[in-house]
There are 2 protein chains.
Amino acid sequence: MTLKNPVLAHHISSQFNEDLQEVNAKFMAMGGIVEQQVTNAIHALLDTDVNMSLDVQYQEKNVNRLELEIDEGLTLILARRHPAAIDLRMVIAMSKANTDMERIGDEALKIANIAQTLCEEGGSPRGFMETRHIGNQVRVMIHEALDAFARLDADQALEVLRADVDIDREYQSATRTLMTYMIEDPRYISRVLNVLWVLRSLERVGDHARNIAEQVIYIVKGLDVRHTSVDEIEQRVHSR
Amino acid sequence: MTLKNPVLAHHISSQFNEDLQEVNAKFMAMGGIVEQQVTNAIHALLDTDVNMSLDVQYQEKNVNRLELEIDEGLTLILARRHPAAIDLRMVIAMSKANTDMERIGDEALKIANIAQTLCEEGGSPRGFMETRHIGNQVRVMIHEALDAFARLDADQALEVLRADVDIDREYQSATRTLMTYMIEDPRYISRVLNVLWVLRSLERVGDHARNIAEQVIYIVKGLDVRHTSVDEIEQRVHSR
């Protein structure tokens, strides 16, 4: 994956490049882990599979360690190599995206913990269809965001931003559905509430994937597109 | 506030210092706004005061703008001044804390939006005592975290980390209480659920304040204390 990264490709032999390559490898490894954590957390919930939950919990330490190592590596690059222009943007963007990846891992952990509770209680009667649907979309978003980052592909990043708009809408709709479940049958309030927390976590994961995608556009185009509507971002990206 | 900052005090006349002072002033201004946003959002909710909600919503644009300006300023400092040691840590920490401050503003906005909904519905019967209590604690945490950042006070930062442990415990307890309210009287499920979302937001605000406090320790002590227990942090801080 690192070889496809245009920043790494444009000065193959520099010391900056060697340092960045090392951090980039960790960044991509961490991305792979958190993507798997989200996948496993959703499986744990939907298939009431406690082992999957344990796996998500087990990986947390690795994600935390990688987060610290990546930031340490980036700080050393800034201190020693004084990167400029796209190289500097790459370092800054990776630092921001690093935080978002760790938070995705956190949300996966919250889902895994809830899955464990629901396993012990014998599963939830309602809300799993919504979870499966939004869960699948969010997994695709993480994958696409990390792939866009690996290849520095602004168009793919734009797709992620568009997907997040859908997720937010579907999350709102699913929340309303689950609330009617609770009102219809108050015996299940506690269980349905757990599913609501899961959906909230998935919606947050979507936000973090969007943040990562925004950083891709920052690296490639030099545009800070946070707090900007997708339509406006699209215009600005394509006018460069 | 900027004059008390030891990083700014230790080389009064450098160009780095002038640039950092400018960014620092924006950072502190943003901190003041988000602190006020949280205060107003809680007031809006507890006193069913729609004007307070509108004020929180109005400030969002300013917070977003400041976030972008602060990151832009920090990027320019990195590109032009090549800071090292504590100066570099200050820049990196401010970049991380900037994200946390903006997220605090986001959570305040969510609370304000819920307050507006509850105002229209005629307030919520239950859960306000818990909200008032946790809300007050969280407001103190933000204030202390920003003050610790302004004065680079690692001991004050430690206090914030300790406070977050309390918040998390009280949040868990309040959540259980609100769940029993829902089960006891399902007519209020929708309203109590809104209060639950508020508590969730306040708990997140506490996490962001903790993150900012961790950055203070990073600047002052050169220690990355994320993912470390408060007791261990205390030991490591005091052995330096």
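Me: In this predicted model, which residues does Phe149(A) touch, not counting residues up to four places away in sequence?
Reply: Phe149(A) is listed among the residues with the most contacts inside the largest nonpolar core. Neighbours up to four places away in sequence are not counted here. On that basis Phe149(A) touches Asn5(A), Phe27(A), Met28(A), Met90(A), Ala93(A), Met94(A), Ala97(A), Ile212(A), Gln215(A), Val216(A) and Ile219(A).

Me: How many residues has the largest nonpolar core?
Reply: The residues with the most contacts inside this core come from chains A and B, including Leu193(A), Ile217(A), Leu20(B) and Phe149(B). The size of the core is 168 residues.

Me: How many nonpolar residues has the contact of α2(A) with α4(A)?
Reply: α2(A) passes α4(A) in a left-handed crossing. By class, their contact has two charged residues, five polar residues and, as nonpolar residues, 24.

Me: Is Gln37(A) buried or exposed?
Reply: Gln37(A) lies in helix α2 of chain A. Leaving aside neighbours within four places in sequence, Gln37(A) is in contact with Val56(A), Gln59(A), Glu60(A), Val63(A), Gly105(A) and Ala108(A). Its relative accessibility is 1%, and the cut-off for burial is under 20%. Gln37(A) therefore counts as buried.

Me: What is the relative accessible area of Asn136(A)?
Reply: Asn136(A) is located in helix α5 of chain A, residues 128-151. The residue is classed as partly exposed, a class that lies between the 20% and 50% limits. Its relative accessible area is 36%.

Me: How many Å apart in space are Asn136(A) and Val38(A), C-alpha to C-alpha?
Reply: In sequence, Asn136(A) and Val38(A) are 98 residues apart. In space, C-alpha to C-alpha, their separation is 9.7 Å.

Me: Is the crossing of α2(B) and α4(B) left-handed or right-handed?
Reply: In chain B, the axes of helix α2 (residues 15-46) and helix α4 (residues 85-121) come within 8 Å and cross at roughly 20°. That angle makes α2(B) roughly parallel to α4(B). The contact of α2(B) with α4(B) comprises 23 nonpolar, five polar and two charged residues. The crossing of these helices is left-handed.

Methods
Residues are numbered from 1 along each chain as its sequence is written. Chains are lettered from A and ligands numbered from 1 in the order in which they are written. This is a predicted model: local features need pLDDT of at least 70, side-chain atom pairs count only at pLDDT 80 or more; totals for chains, interfaces and linings use all residues. Side-chain values use heavy atoms; hydrogens and water are left out. A crossing is left-handed if the near helix is turned anticlockwise from the far one by less than a right angle, and right-handed if clockwise. Helices (H or I, at least four residues) and strands (E, at least two) are DSSP runs, numbered from the N terminus. Ala, Val, Leu, Ile, Met, Phe, Trp, Tyr, Cys and Pro count as nonpolar, Asp, Glu, Lys and Arg as charged, and the others, Gly among them, as polar. A nonpolar core is a set of buried Ala, Val, Leu, Ile, Met, Phe, Trp, Tyr and Cys residues joined through side-chain atoms within 4.5 Å. Buried means under 20% relative accessible area, exposed over 50%, partly exposed in between (1.4 Å probe, protein chains only). Contact means heavy atoms within 4.5 Å. Axes are lines fitted to C-alpha atoms, for helices over the stretch in contact, and angles run from 0 to 180 degrees between N-to-C directions. Angles under 35 degrees count as roughly parallel, over 145 as roughly antiparallel, 65 to 115 as roughly perpendicular and the rest as oblique.
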